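Colleague: I have just opened this one and would like a walk through it. Could you start with whatever I need to know about the terms?

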Amino acid sequence: MTAVDGLTFDVPAGRVTGFLGPNGAGKSTTLRMVLGLVRPSAGEALVNGSRYRDLPRPRTTVGAVLETTGFHPGRTARNHLRIVARSAAFAEHRVDDVLERVGLTAAADRRVRGYSLGMRQRLGLAAALLGDPEVLVLDEPANGLDPAGTAWLRGLLRGLAAEGRTVVYSSHVLAEVAQTVEHLVVLHEGRLAYEGPLSGLDGSLEAAFLRLTSI
């Protein structure tokens, strides 16, 4: 079975790019190819012109959040981040920096087993930011966030893009995507259905998405 078929697109720096598609469109497979977790049968997925595995210090180039289940429930958020930082040879002061940036300073010494899904999302983001990466790859980062948390995430992603970073934001919540992104990549059945600015769509994002993925 072919998951992704002849897919080619570029993601611009300094913008939040929405990465969209129905279930089974090939989004997760594509993100895993970018991160070197899946090897394409043909072609290459490149970050700054190099394969992920060829980057000299990949975690300082790419930060990723693909799921929020990789935490030891008995560890505190601070200790989880310290372990991640040590394993990647990051300066330990980065732990406090990212805890503050994602709004977890007050809960940093609580065990993760007591965290809500939204707090785990923030912790995943903190881990992704530890290396101060140029590129962020985020799969459903708003999952579990309440309205205030969703608004906070929107501001965070826009702020990161304003710093010149490349932000890839995969989500099924089209209303939130429409308020957050400037650029879009839409997949349908493993192929590229649209690549371009949000402003280039004919009509609303929802209407355009349904049209693009119903062919």
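Modeller: A residue is called buried when its relative accessible area is under 20%, exposed when that area is over 50%, and partly exposed in between. Please keep in mind that what you see is a predicted model.

Colleague: Okay, then is Asp109 buried or exposed?

Modeller: Asp109 has a relative accessibility of 54%, and because exposed means over 50%, Asp109 counts as exposed.

Colleague: And which residue does Asp109 form a salt bridge with?

Modeller: The partner of Asp109 is Arg78, with the closest N and O atoms 2.9 Å apart. This pair links distant parts of the chain, since Arg78 sits in helix α3 and Asp109 in the loop between α4 (93-101) and α5, 31 residues apart. Arg78, at 14% relative accessibility, counts as buried.

Colleague: How many salt bridges are there in the whole structure?

Modeller: A search of the whole structure finds eleven. One of them joins Glu92 and Arg82, whose closest N and O atoms are 3.3 Å apart. Glu92 lies in the loop between α3 and α4 while Arg82 is in helix α3, so this pair ties together parts that are ten residues apart in sequence. Glu92 is partly exposed at 41%, and Arg82 is partly exposed at 28%.

Colleague: What about Arg94 and Asp97, how far apart are they in helix α4?

Modeller: They are three residues apart in helix α4, which means that about one helical turn separates Arg94 from Asp97. Their side chains meet in a salt bridge at 3.8 Å, N to O. Arg94 is buried, with a relative accessible area of 18%, whereas Asp97 is partly exposed at 34%. Elsewhere, salt bridges that share partners join Arg101, Asp132, Glu163 and Arg165 into one network.

Colleague: Changing topic to the helices: at what angle do α3 and α5 cross?

Modeller: The axes of α3 (residues 77-87) and α5 (residues 117-129) cross at roughly 25° and come within 10 Å, which makes α3 roughly parallel to α5. The contact is made by Ala77, His80 and Leu81 of α3 together with Leu123, Ala126 and Ala127 of α5, and by class it has five nonpolar, one polar and no charged residues.

Colleague: And how do α5 and α6 pack?

Modeller: Helix α5 packs with α6 (residues 147-162) at an angle of about 15°, with the axes 13 Å apart, so α5 is roughly parallel to α6. Here the crossing is left-handed, while that of α3 and α5 is right-handed.

Key
Residues numbered from 1 in each chain as written. Predicted model: local features only at pLDDT ≥ 70, side-chain atom pairs only at ≥ 80, totals over all residues. Heavy atoms only, no water. Axes fitted to C-alpha atoms, helices over the stretch in contact; angles between N-to-C directions. Helix = DSSP H or I, 4+ residues; strand = E, 2+ residues; numbered from the N terminus. Parallel < 35°, antiparallel > 145°, perpendicular 65-115°, else oblique. Left-handed = near helix turned anticlockwise from the far one by under 90°. Contact = heavy atoms within 4.5 Å. Nonpolar A, V, L, I, M, F, W, Y, C, P; charged D, E, K, R; others polar. Salt bridge = Lys/Arg side-chain N within 4 Å of Asp/Glu carboxyl O. Buried < 20%, exposed > 50% of the residue type's maximum accessible area, 1.4 Å probe, protein only.
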